[in-house]
Structure formats: C-alpha cells, structure tokens
Amino acid sequence: MKRRWLLIIGALGLCPAAQAHLVTTGLGPVYDGVGHFFLSPEDVLLAVGVALFAGLRGPSAGRSVLVALPLGWLAGGLAGLFSDWAAVDGQVPSAVSLFVAGVLIAADAALPRWAVTIVAGLLAAAHGFYNGLAMREAGPVVAWLQLAGIAAALFILAALFSALVVALRRPAARIVVRVAGSWTAAIGLLLLGWAIRLRR
Amino acid sequence: MNPSSRLRPLVARAGLLVWCLTALPRAQAHIEHGEAGGFASGFKHPWSGLDHITAMVAVGLWGAQLGLPAIWLLPVVFPLVMAMGGFMGLVGIPLPGVEIGIGLSALALGVMVAAEVKPKHLVWPAILVGIFGLYHGHAHGTELPPGESGLLYSIGFVIATGTLHACGIAIGFIHRWKAGQIAMRALGGVIALVGAYFVWEAGRG
C-alpha cells in the first residue's frame, strides 16, 4: 500500500507540466482525446458537477445522464468540428455552464428526470462544441476518434460520480455534495468575471 | 482499530493530495499569454490577510454554534456571495467602504460567536454572512493579479476559502464540551478585537 503511494507520488513529481494541445500521448487519437479531457479542468469540473446533480436526483436521472452527457458532448463536438466558426475563447460559456451546474447542485433543485437529461445534454453540447472547434486542425477522422475518447471518459466519470452520490444515504454526506455545488458555482462566477475583465 | 488510527491514513492521504496540488507543475491544457501562476497562487490568496482569515474562521465557528442546518448553510452561502463580490471586483463595479466592511465582518462575526447569538430564523445569519461575503469577495476580485490563469486561480481560491470555513467548523467540534463552549466564546472575543483593530485601521486610512 505504502509502496503504491510512493510510486504515485514519484510519478507525479517527475512528470512535466501537462500540455494538452502541445503534445500527444503517443497512444493514438482516442487516448489523446481522453488526455485532452482530463487536462481541461473546466470540462472535468462540469462533467463531475452534472454527474453529482444527477446522483442527487436519484438512480433514474443518473442512468439518463450516463447517456445524455457523452451523447450531448459528442453532438456538440461534431457541430463544432464541421462548423465555420472561427476558433473562439470558450471561457464565458464554460463559466456560465459551471455556474448553472453548481447552482443546481447547491439548491438540490428538484427537477424531473427529463429536465435533468435536457440540462445535462445542453451543458455537455456547449462544452463539446468548443472541444470540436479546437480539434478541427487535427482533421475529421482523428478528431472523430478524439471525441470518441472524450465520450468514453465522460461515460466512466458520469457513472462513477452519479453512482457515488446515489449511494449516499446519510443527510450529512448529501450536504457535502451541495457544498461542492456551491464551490462549483463560485468558481464559475469568478471565471466569468475573469473572462469579462480579459476582454476589456 | 480505534478511531484515531482509522483517521490517520485519511489525514495522510489528504496531506499528500494538498501537496500534489500545490507543489506540482500546473497543467497547461489551454495556454494563455501571460499566465503567471494558477492553483497555488489562488490557494494562497485567502490565507494572505488576517482580516480574511479571522472572518472566514468565524463563519465556521458561528455555524458550529448554531448547529444544523446552519453549519452547512453558511458555508454554502458564503462562497457563492463571495464569488458574486469577486465578480463585481473583477468587472470593475465599485463597492463603497470595502476595507471598513471587511473589518466590520470580523468584528460582527466575532461578537456573534463571543455572545453565542442564536437568531430564531436562519435567514438572518445567512443575510449577515452574505453581506460580509460580498465585501470579502470584492476585495479579492480587485486584488487579483493580472496574468493569472483564471480557472485554476478560481479553483484554488474557492478551495482555500472552504478550507478556512472547515477549520472553523472543526474547531467548533469542541462546542460539545462546557470548557469548549467557553473557549469558543473567548476565540470569538479575540476575533472581534482583531476586527475592531481593522475597522480602526480602515477608518484612519
């Protein structure tokens, strides 16, 4: 056990700063997509946030989000991939989506299953769209595979975090999730202010 | 296995996680021009001023004194409203008397803890904490150094704020003992005195 921890710390300590858009994993486009996703904190935060919210709303909402999150992301990514938009900074939509997801978790908003699914799909599509825009330079086939990698990562992340919250029975544990939502919303709001300041 | 030996690996892992997050080179998923720092610098910011530290710990202490559900309501409200203040500061919306407001927050929250004030309705502590959170957030928003990574800085900043609340709540566990209650009230008195000093300083400046 101790040896495993030492190995992890050693590996983390030795690794250079991650540069998602500057280097590839060397394992092919699918893993490049997975790497891109996990090295984009705004994307990871949103995916975790949506999964936590779905978990708070129960097993059926969790199951819906398991499909809506990767599919929404994939659809948004493909729209970005084939759009004529110039590559733009996605900080404002990221900030707004983080704020929305955070507020929903913090308020433990009692949305029905279909509404949770739509919200998850829309938020995922917005993030996926900016991923798609950024991936155009890789070419359509490689970008497809990268998006598939992202969708697979999303599926696993959504499954883990929504299941974690669904399994929580003690009210105090659910409150911890809501506090995490408040933090997510706060991060979104600060990021929005930051993005507006940068544009001035 | 006794509870303390069960907690030890958890504490060790939490310490390792904090070390990893603060000491390792920052991920650069989306390189921006002029990024000077990120998570570590955001995490350090709330710890940089005694006025901020005392007020945030006082929020946790007061929450612990009020018990459920205030113990979680206040730490939910404070970061959200503080971020709203941070947003105002970042986009340049002025808020008058920020320094006095911050000093007053430590003074007022310290008095609440010292006197162990328990309002009938939970909305009053939430409003009070919310107003003060706005002042703290505004000060942080205007002080943010240019050229930082917005997202990583914000994540570090919010986690540090939450950690300060958690410190207050953790100290508040002593409230279950009589001596602990007295110690907490004494701590509230000290926070109020620190707050009074900052109000005086802000008034002079």
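A residue counts as buried if 20 or more other C-beta atoms lie within 10 Å of its own, exposed if 12 or fewer, and partly exposed in between; C-beta atoms are placed from the backbone. Helices (H or I, at least four residues) are DSSP runs, numbered from the N terminus.

This is a predicted model: local features need pLDDT of at least 70, side-chain atom pairs count only at pLDDT 80 or more, and totals for chains, interfaces and linings use all residues. Residues are numbered from 1 along each chain as its sequence is written, while chains are lettered from A and ligands numbered from 1 in the order in which they are written.

| Helix | Residues | Buried |
|---|---|---|
| α2(A) | 29-38 | Eight of the 10 residues |
| α6(A) | 113-135 | 18 of the 23 residues |

Helix α6(A) is largely enclosed by the rest of the structure, because 18 of its 23 residues are buried. The buried residues of α2(A) include P29(A), D32(A) and F37(A). They pack against α3 (41-56) and α7 (140-166) of chain A.

Now the core. A nonpolar core is a set of buried Ala, Val, Leu, Ile, Met, Phe, Trp, Tyr and Cys residues joined through C-beta atoms within 7 Å. The largest has 118 residues; V50(A), V65(A), L69(A) and L109(B) touch the most other members. Its largest share, 14 residues, comes from helix α4 (residues 70-91) of chain B.

How far can chain A be trusted? pLDDT is the predictor's confidence in each residue, from 0 to 100. Chain A has a mean pLDDT of 82. Over residues 12-23 of chain A, pLDDT stays under 50. Where pLDDT is low, the predicted coordinates should not be read in detail.

Key: Helices (H or I, at least four residues) and strands (E, at least two) are DSSP runs, numbered from the N terminus. The expected span of a helix is 1.5 Å times one less than its number of residues. Two residues are in contact if their C-beta atoms, placed from the backbone, lie within 7 Å.
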